[in-house]
Amino acid sequence: METINERDMAFSRIESSVRMQPVHGNPQGTVHGGELIKFMEDTAGIAAMKHAGGNVVAARVDELVFHKPINIGSIVTFIAQVAYAGSTSMQVILTVVVHDLNNFEKSETALTAFFTMVHLDNNGRPKKIPTLKFNTDIESELYALGEKKYNENKNKPNTY
Ligand SMILES: CC(C)(COP(=O)(O)OP(=O)(O)OC[C@H]1O[C@@H](n2cnc3c(N)ncnc32)[C@H](O)[C@@H]1OP(=O)(O)O)[C@@H](O)C(=O)NCCC(=O)NCCS
């Protein structure tokens, strides 16, 4: 099989939309945070699999922020982008937006987070991933954010 040494940042980007149903609700009648986190992890995982070219596992979630409650019936889009690639791990930036049902040109950011995803080989051990190439100013900013998060995690005591 061909070995890919480098991938463009844009290659990993994915968007996945879901309509929030009563089954996703909490007793307050809004969407349960855990339901959203599950969708976020799934989306981050797919973006990371695209970059890595194989299986990944979530190692860490940082700075999960709930900016706004989400109502049942809302249409929500999960946007994942690999922002930084280490040796075997990736920083995936996850943004969740809620659409205005009467005007899909409008949306609001409801949640954001960084996911650390690790590429695994067939024995479940970390495996080398392609380097990440940015091509635009926005991608360069995302790369800097991801690199900062990666280095912060590496320097935290008692992380591993
Ligand atoms: C993630 C896991 C495979 C890492 O295994 P490990 O033996 O600690 O691997 P290593 O020390 O070689 O680290 C591998 C990479 O992961 C990163 N990593 C490992 N643990 C991490 C953590 N807690 N936070 C952030 N990054 C982490 C390392 O920085 C390294 O990145 P790099 O190669 O890009 O520099 C292992 O901890 C694991 O299986 N955890 C459980 C995962 C899981 O069940 N997730 C939920 C279900 S999907």
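Read along the sequence, the chain follows the pattern β-β-α-β-β-β-β-β-α. The secondary structure comes to two helices and seven strands. Helices (H or I, at least four residues) and strands (E, at least two) are DSSP runs, numbered from the N terminus. The radius of gyration of the chain is 16 Å, close to the 15 Å that the globule rule gives for 160 residues, so the chain is as compact as a globular protein of that length. This radius is taken over C-alpha atoms, and the rule is 2.2 Å times the number of residues to the power 0.38.

The model is predicted: local features need pLDDT of at least 70, side-chain atom pairs count only at pLDDT 80 or more, and totals for chains, interfaces and linings use all residues. Residues are numbered from 1 along each chain as its sequence is written.

The C-alpha trace spans about 45 × 35 × 30 Å along its principal axes. Of the 160 residues of the chain, 29% count as buried. A residue is buried if 20 or more other C-beta atoms lie within 10 Å of its own, exposed if 12 or fewer, and partly exposed in between; C-beta atoms are placed from the backbone. Among contacts in the chain with a separation of 6 or more, 73% involve residues 24 or more positions apart. Two residues are in contact if their C-beta atoms, placed from the backbone, lie within 7 Å.

Strand pairing was examined next. Two strands pair if DSSP finds at least two bridges between them. Strand 4 (75-85) and strand 5 (89-100) pair in the antiparallel sense over nine bridges. A hairpin joins strand 4 to strand 5 through three residues. Within this pairing, Ala-80 has Leu-94 in strand 5 as its bridge partner. Strand 5 also pairs with strand 6 (103-119), again in the antiparallel sense, over twelve bridges. Strand 5 and strand 6 form a hairpin with two residues between them. Met-90 stands opposite Met-117 in strand 6. Val-92 stands opposite Phe-115 in strand 6.

The largest nonpolar core has 34 residues. Such a core is a set of buried Ala, Val, Leu, Ile, Met, Phe, Trp, Tyr and Cys residues joined through C-beta atoms within 7 Å. The residues with the most contacts inside this core are Ala-44, Ala-48, Val-82, Met-90, Val-92 and Leu-94. Helix 1 (33-52), strand 4, strand 5 and strand 6 each supply at least two residues of the core. Val-92 touches Ala-44, Ala-47, Ala-48, Ala-80, Gln-81, Val-82, Ala-83, Phe-115 and Met-117, not counting residues up to four places away in sequence.

Gln-81 lies in strand 4. With 22 C-beta neighbours inside 10 Å, Gln-81 counts as buried. Leaving aside neighbours within four places in sequence, Gln-81 is in contact with Ser-12, Arg-13, Ala-47, Val-92, Ile-93 and Leu-142. Gln-81 and Glu-15 are 66 residues apart in sequence, and their C-alpha atoms are 9.0 Å apart in space.

The ligand is surrounded by 15 residues. The closest are Arg-60, Gly-86, Ser-87, Thr-88 and Ser-89. A residue is near a molecule or strand if its C-beta atom, placed from the backbone, lies within 6 Å of it. The largest share, four residues, comes from strand 3. The shell residues divide into six nonpolar, seven polar and two charged. Ala, Val, Leu, Ile, Met, Phe, Trp, Tyr, Cys and Pro count as nonpolar, Asp, Glu, Lys and Arg as charged, and the others, Gly among them, as polar.

Glu-63 is found in strand 3. Glu-63 has a positive phi of about 50° although it is not a glycine. Glu-2 is placed in the segment before strand 1 (6-8). Glu-2 and Phe-39 are 37 residues apart in sequence and 31 Å apart in space, C-alpha to C-alpha.
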